[in-house]
Amino acid sequence: MDGLTARWLARVRAPVAITSQPEPRSLGLYARGQQMLAGNFLVAGELLTAQGTVPFDANTPEAVDDLQGFEWLDHLAAVGDRPARALAQAGLRDWSRRFGRGRGPGWAPGIAGRRLIRLLSHAVLLMQGMDGSEQAGFLRLLAHHAAFLRKRAGHAAPGLPRIEARTGLLYAALALEGWQDRAPGIVTALTRDCAAQIGPDGAIATRNPEELLNVFECLGWAGQLLAENEQPIPDALGDVMACMAGALRALRHADGGLARFHGGGRGRDGVLAAALAAHDALSNLPPTPPPDKVMGYIRLAAGRSSVIVDAAPPPLQSAPGRAHAATLAFELTSNRRPLIVSCGDGRSFGPEWHRASRATASHSTLALDGYSSSRFSTPGGHRLDLTDGPRHVGLEFRHTPYARAAALSHDGYGESHGLEHLRYLDLSKDGRVLSGEDMLIATGRAAQKRFDEVRARLGGTIPYALRFHLHPEVDASLDMNGTAVSLTLRSGEIWVLRAEGAALSLAPSVYLEKGRIKPRAAQQIVLSLAATSYTSQTNWTLAKAHDTPTALRDHAQDDILAVPDL
């Protein structure tokens, strides 16, 4: 229906002019722009090559969406010189010739809204040097997008696509001649969508922190655009954005990056800080302290350390194809350096990596050998859904004057093994020590019977492991005859992990990072254990070495103009 509507509206009458030029707000990378000028386009983990134009024929759906959304235009605008402008105009001409009449994969309302935002924001770059007929064609293309979104924005998928479609339409209403009277109705619809799709704590149903950031960023652009055009921002929309800002601050680690759970990454460099700063300027209110719990995650922060824990069942209803079996997994960041991480989302590296990245063993938590705390559906089609997981996740904060602590539990292994996982995490007041206690228990006759059956089948013990996945820049080594692991961060900090009653080892791991062609090699600490009775328990500590200061000057910097390692 989207494509049919787009083709039907392709002959729409063009506006006479762009009456208001919105400021470009989407952040591009200078290094990515330079790569594109050299003919290399790294899009959603796929490397495409083209000289003199933009390669719109990608293999993965994620890469196709990024190309059709014109995110490449941000990177070329970051370069901003004559060759970059020429490549941007060549890409626009090629896209208009192939897809501009309403055909192809880029006419989903969310993608069309994303594309229209960039076309209007970078209109000066695109129109510079065009002759009269080319400028008329560009205006006609903008009007076509606006007419299409007016018809189809309300039919976009809930969540980010709907917000992008509405925001793109608002950009058109405030920029194109003759559309200004439509702006109040668009704002009303946008506010209504936010009320329906964003929870009172600022959460979204998919529990994807990076998607939450993308929604917040888009709404921030809408708010700034209204302010620039002296249009009122509805109180309801302002309240939603304030809740989202608090949620994002709770999900932000000490280094400024987001927790990487349920398909989300750390967020593009600088986007979270810019979005929060723009919101604070609009609201004219001081930031509020982040809550302890939001969107199913809890935050323990002290000193220069942050711990973020997945403390809720996975989103089986709203995002079964992207949800991870990550219940009770945690990440730890110290100062500017991630230490304990999740492997990340492997979707851009192919279906095998995608499935592996969603298993419990790819997260920093306890996993029974060969089992995840949530189960995948029977293989079929092009994706695997998570269809069953923990039915109850317990949480109790146990803060004291000396520590930030929480007791958690989930029953994800109840049906399969009769076991419940209990985890206690305690972060000291100065942020130097994270203490943990992990326990497997079988309570009740039915659970104990199930445990006995599985244990007998496996030869008397049920093996399991505690995993601590390390960031690739962490240097790990076994110390004290294999009873401890020393972890050296790039900043010079040294952390030491010790455990009781467990065989401790280092094993290979991966760090799945968006924007790279292949996974980065990393390591993981594995505590190997076995459940032989109805209660099995181990205690561990992760602490800064005594001679490591609580805060230190971290001078190591990446060259912002360097071409990123792919």
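**Close-up views of a predicted model**

**View 1. The second largest pocket of the predicted model.** About 340 Å³ of space lies in this pocket. Its lining comprises 15 residues, and Gly-238, Ala-242, His-279, Ser-283 and Leu-285 are those nearest the centre. Two or more lining residues come from each of helix 12 (235-250) and helix 13 (271-283). Helix 12 contributes the most, with six residues. By class, the lining of the second largest pocket holds eight nonpolar, five polar and two charged residues.

**View 2. Trp-72 in the largest nonpolar core.** This core has 95 residues, and Trp-72, Phe-138, Leu-170 and Leu-219 are those with the most contacts inside it. When neighbours within four places in sequence are left aside, Trp-72 is in contact with Met-36, Val-54, Phe-56, Asp-66, Leu-67, Ala-88, Gly-91 and Leu-92. Another core, of 45 residues, lies apart from the largest one; Ile-298, Ala-442, Tyr-464 and Leu-466 are among its members.

**View 3. Phe-70 in the loop between helix 3 and helix 4.** Phe-70 has a phi near 65 degrees, a positive value in a residue other than glycine. Phe-70 counts as buried because its relative accessible area is 1%, and the cut-off for burial is under 20%.

**View 4. His-262 in the loop between helix 12 and helix 13.** For His-262, phi is near 50 degrees, which is again a positive value in a residue other than glycine. With a relative accessible area of 3%, His-262 is buried.

Technical notes
Residues are numbered from 1 along each chain as its sequence is written. This is a predicted model: local features need pLDDT of at least 70, side-chain atom pairs count only at pLDDT 80 or more; totals for chains, interfaces and linings use all residues. Side-chain values use heavy atoms; hydrogens and water are left out. On a 1 Å grid over the protein atoms alone, a cavity is a set of points where a 1.4 Å probe fits but cannot get out, and a pocket is an open set with protein on both sides within 12 Å along at least five of seven lines; lining residues have an atom within 4 Å of a point. Grid points are joined across faces, edges and corners, and a volume is the space filled by probe spheres set on the points. Helices (H or I, at least four residues) and strands (E, at least two) are DSSP runs, numbered from the N terminus. Ala, Val, Leu, Ile, Met, Phe, Trp, Tyr, Cys and Pro count as nonpolar, Asp, Glu, Lys and Arg as charged, and the others, Gly among them, as polar. A nonpolar core is a set of buried Ala, Val, Leu, Ile, Met, Phe, Trp, Tyr and Cys residues joined through side-chain atoms within 4.5 Å. Buried means under 20% relative accessible area, exposed over 50%, partly exposed in between (1.4 Å probe, protein chains only). Contact means heavy atoms within 4.5 Å.
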